[in-house]
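Dear colleague,

I am passing on to you the structure shown below.

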Amino acid sequence: MLIEVGHYALALALALSLTQMVMPVWASRTGDPVLRGVTVPAALATFVCIAFAFGALTYAHVTSDFSVQNVFENSHSMKPLIYKISGVWGNHEGSMMLWVLILALFGAVVALARDAVPPVLRANTLGVQAAITVVFLLFILTTSNPFARLNPAPVEGRDLNPLLQDPGLAIHPPLLYLGYVGFSITFAFAIAALIEGRIDAVWARAVRPWTLIAWCFLTVGIAMGSYWAYYELGWGGWWFWDPVENASLMPWLAGTALVHSTVVMEKRDALKVWTVLLAILTFSLSLLGTFLVRSGVLTSVHTFATDPSRGTFILGILVLFIGGSLALYAWRAPGLRQGGLFAPISREGALVMNNLFLSAACATVLVGTLYPLVLESLTGEKISVGAPFFNLTFLPLAVPLLLVVPFGQTLAWKRGDIAAASQRLLAAFGLALVLGLGAVALTWGGPVAAPLGIGLGAYLILGAAMEILTRARARSLGLSLRRAAGLPRSAWGTALAHAGVGITVIGIAAQAWSVEALATVPRGGRIGAGPYTAALDGIVPRTGPNYTETVARLTIRARDGDPVGTLEPGKRFYASRNMSVSEAGLLTLGASQVYASVGETQADGSVGLRLYYKPLVLLIWLGAVVMALGGGLSLTDRRFRVGAPALRAAARRPERVAPHSVPAE
Amino acid sequence: MTRKRRRFVLIAVCGAVLAVALGLVLSAMRDSIVFFRSPTEVAGDRVAPGTRFRLGGLVKDGSLRRGPDESVEFAVTDTGSTVPVRYRGLLPDLFREGQGVVAEGVLEPGGVFRADTVLAKHDETYMPREVADALKAQGRWKEGAAPGTVSQTAVK
């Protein structure tokens with residue numbers, strides 16, 4: 001019964017979003033603020049309905065109600081509770097439910113953000129957001145109904161793909177979707193601005209927090225996915241340039257550019273038309289990612305099932321939104337008031353460089369991801385574009401961008417002085433150079449890329465620190481500390497986020513020193529990788545809730561022979577799926593890890609072992625977390641918390657007058 | 001700096017960066033793309049020795065032999081032709097005889113394919129799409145003939 005009510009709630013949400021979509025259009029014809037106001041309760045009610053439907057599906061999964069087809073295909077009564085819950089989005093229908101849930105969540109939050117957004121802009125934004133919700137609800141209801149029943153109900157479910165039975169799945173998709181789908185709200189703001197035909201600093205200030213929120217979640221979501229692939233796939237790699245990974249990287253690159261261009265818009269009232277385009281492109285790339293992952297044109301662990309009708313539907317959504325929004329942009333953008341041009345050597349100039357390099361990098365990733373698909377559909381020739389391509393194209397664009405980062409922070413708005421900026425960064429640069437050269441000397445004969453990358457990362461971190469130091473410097477220490485505490489939180493946030501980039505760069509660079517060993521190891525035998533050796537103490541069987549496991553017990557010793565820990569990599573066999581999955585063993589030593597995975601057990605009791613030593617590998621993901629923390633800190637900046645006084649005044653006045661009271665007009 | 005000059009600088013810099021990006025893409029396209037070949041194409045001399053490509057097909061029944069220190073030999077077949085493959089490393093969890101596989105590596109002059117990566121499916125019922133298409137082209141495999149439902153999950 002609950003399932004049917006959930007299904008009904010989903011249909012109700014469709015009707016509510018339709019209302020929410022139509023009302024602002026009607027209101028713009030009649031000028032009736034009441035009609036416009038309907039968008040707010042409609043957005044809230046849509047969210048409640050979708051949340052209820054999602055809850056109903058979750059309940060079916062938790063109670064193992066195999067009369068629901070979705071539960072039967074993706075669950076098992078013996079599955080641990082956490083995977084029963086995360087299994088809700090571990091399949092096509094459920095993941096689309098999560099998509100619309102987050103879509104509606106963002107709509108509801110915007111509806112509640114009373115003072116942050118002018119009423120007309122809010123109503124139009126909610127209308128556009130509702131249009132996206134409508135289309136995706138139609139997609140779920142017509143092609144991917146999660147509430148379909150089975151009669152008679154099977155006794156036992158088919159279980160979730162064992163690769164997805166991992167705590168990573170509980171966290172990674174919700175975070176990633178909060179980022180991916182979060183950009184829908186920025187997109188809705190951009191379309192609303194195009195419809196209204198005006199765009200100014202107030203718009204930028206209204207959009208910026210949402211962009212930052214989405215960006216923070218996407219950053220952590222991608223990092224989480226990368227870490228999951230690292231330990232679950234058992235290859236020790238942290239990024240494979242897999243099309244599915246690229247699908248999440250592209251919106252991140254465009255979103256990062258967007259986060260920076262809205263700053264220019266807010267502070268200098270420039271780059272307006274570009275920012276709107278970027279907002280459209282960012283969400284378009286999110287949609288493209290959804291299409292690539294959900295339509296089955298790619299084969300990956302994320303692609304749950306192929307059904308041609310679904311692919312066609314999502315392609316239709318893609319064409320509708322990307323084509324429609326770009327057409328609207330082409331029509332309306334020339335009428336928008338252009339912002340002023342500015343000096344090339346200035347903070348806004350540096351931010352333009354940031355946008356330029358990020359967009360170019362994003363474009364190369366796009367080409368590398370789509371080229372095989374286009375080539376295959378045109379010529380039938382099958383190719384794969386892998387890491388070598390992206391290393392040759394992405395890295396040469398990323399390195400100059402990273403070199404510019406500290407300059408951007410240091411240069412002043414309007415007219416910067418490159419000599420003064422260089423002078424301020426000299427200490428950071430010198431120190432980073434010493435560190436890099438020191439690393440070269442210490443690891444003489446090793447790969448040069450690692451020390452170079454570490455120097456670059458150190459330069460980023462030190463550059464971020466220098467920025468805070470120079471701004472806070474005063475005659476006495478106490479005064480400096482007070483000044484540092486008084487700096488706007490956005491300044492701290494920027495510095496923290498940039499330092500996070502540096503941390504990630506160091507982690508990536510250090511991977512050039514990672515060591516890999518492979519051997520068939522008999523019981524009592526040893527295998528060494530870098531400064532550590534692993535001794536095989538024995539192979540033991542173990543039983544989990546829905547699997548059996550063969551575990552290799554390893555003792556890890558440092559070079560001097562002292563044991564530093566034990567590892568238990570294993571191979572799990574899931575009888576319900578007749579599938580085995582390797583579980584890597586990870587030993588964390590500081591920021592470095594020793595990583596072991598097992599292969600086949602031979603008849604004589606020896607086992608295939610792969611051992612990696614991964615120096616500083618945790619910094620890769622730690623850096624991403626620091627980046628997101630920086631973004632979060634920026635969000636708490638005074639101007640977002642307090643809101644602009646001009647905006648409040650505008651909101652209180654009668655609406656029809658409101659547009660004229662906006663300062664930038 | 002005049003307005004005109006500022007605009008010129010902006011456009012020049014954008015043009016330069018985009019040109020560099022385009023150049024990088026084009027040069028990387030030439031060198032780093034890996035083609036997919038079926039055993040029949042390999043047997044038909046469509047592949048020059050020393051070029052890197054992906055070989056896809058079924059692991060031939062009874063062809064898997066394990067050597068010392070995790071080196072393995074097996075044969076990849078599309079039931080028309082067969083190519084011997086040599087690999088050193090841990091095989092993917094779902095690597096089995098008679099099942100689909102994609103291997104990436106180089107063809108040695110002796111006709112042996114030396115793989116450095118072996119990709120198998122990530123689901124017990126899934127056939128890598130490239131392999132399924134190659135087998136279909138050979139007329140050896142029909143839609144629905146694979147065991148169970150064909151649900152697509154990772155070739156990675």
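**The sheet in chain A**

Strand S2(A) and strand S11 of chain A, the latter covering residues 607-614, run antiparallel and are joined by 7 bridges. Please keep in mind throughout that this is a predicted model. One pairing between these strands involves Val521(A), whose bridge partner in S11(A) is Val607(A).

The two strands belong to an open sheet of 4 strands in chain A, with the order S2-S11-S10-S9 and antiparallel pairing. Strand S2 (515-521) and strand S9 (585-589) of chain A stand at its edges; each has a single partner strand, so one side of each lacks a neighbour in the sheet. On average, and with direction ignored, neighbouring strands of this sheet are turned by 15° against each other.

**An annotated span of chain A**

According to UniProt, residues 315-638 of chain A carry the feature "domain: Cytochrome c-type biogenesis protein CcmF C-terminal", and the entry is unreviewed. In the model, this span is 54% helix and 23% strand, and its end C-alpha atoms lie 42 Å apart.

**Helix H13 of chain A**

Helix H13 of chain A is formed by residues 347-379, 33 residues in total. From its first C-alpha to its last it reaches 47 Å, close to the 48 Å expected at 1.5 Å a residue. Just after the helix comes Gly380(A), with a positive phi of about 85°.

Helix H9 of chain A, residues 201-232, contains Ile222(A). Is this residue, Ile222(A), buried or exposed? Ile222(A) has 23 other C-beta atoms within 10 Å and is therefore buried, the cut-off being 20 or more. When neighbours within four places in sequence are left aside, Ile222(A) is in contact with Leu176(A), Ser248(A), Leu249(A) and Trp252(A). Pro173(A) is 49 residues away from Ile222(A) in sequence, yet the two are 9.2 Å apart in space, C-alpha to C-alpha.

**Backbone geometry in the loops**

Most residues other than glycine have a negative phi, and most peptide bonds are trans.

- The peptide bond from Asn151(A) to Pro152(A) is cis, with omega near 0°. Pro152(A) sits in the loop between helix H7 (119-143) and helix H8 (167-196) of chain A.
- Asp159(A) is not a glycine, but has a positive phi of about 75°. Its place is also in the loop between H7 and H8 of chain A. Asp159(A) is buried, because 24 other C-beta atoms lie within 10 Å.
- Asp69(B), a residue other than glycine, has a positive phi near 55°. Asp69(B) is found in the loop between strand S3 (65-66) and strand S4 (71-77) of chain B. With 11 other C-beta atoms within 10 Å, Asp69(B) is exposed.

**Chain B as a whole**

How many helices and strands are there in chain B? Chain B has 3 helices and 7 strands, which follow the pattern α-β-α-β-β-β-β-β-β-α along the sequence. Of its 156 residues, 38% are buried. Among the contacts in chain B with a separation of 6 or more, 55% are between residues 24 or more positions apart.

With kind regards

Conventions: Residues are numbered from 1 along each chain as its sequence is written. Chains are lettered from A and ligands numbered from 1 in the order in which they are written. This is a predicted model: local features need pLDDT of at least 70, side-chain atom pairs count only at pLDDT 80 or more; totals for chains, interfaces and linings use all residues. A residue is buried if 20 or more other C-beta atoms lie within 10 Å of its own, exposed if 12 or fewer, and partly exposed in between; C-beta atoms are placed from the backbone. Two residues are in contact if their C-beta atoms, placed from the backbone, lie within 7 Å. UniProt positions are given in the numbering used here, feature names are shortened, and annotations may be inferred rather than shown by experiment. Two strands pair if DSSP finds at least two bridges between them. Axes are lines fitted to C-alpha atoms, for helices over the stretch in contact, and angles run from 0 to 180 degrees between N-to-C directions. The expected span of a helix is 1.5 Å times one less than its number of residues.
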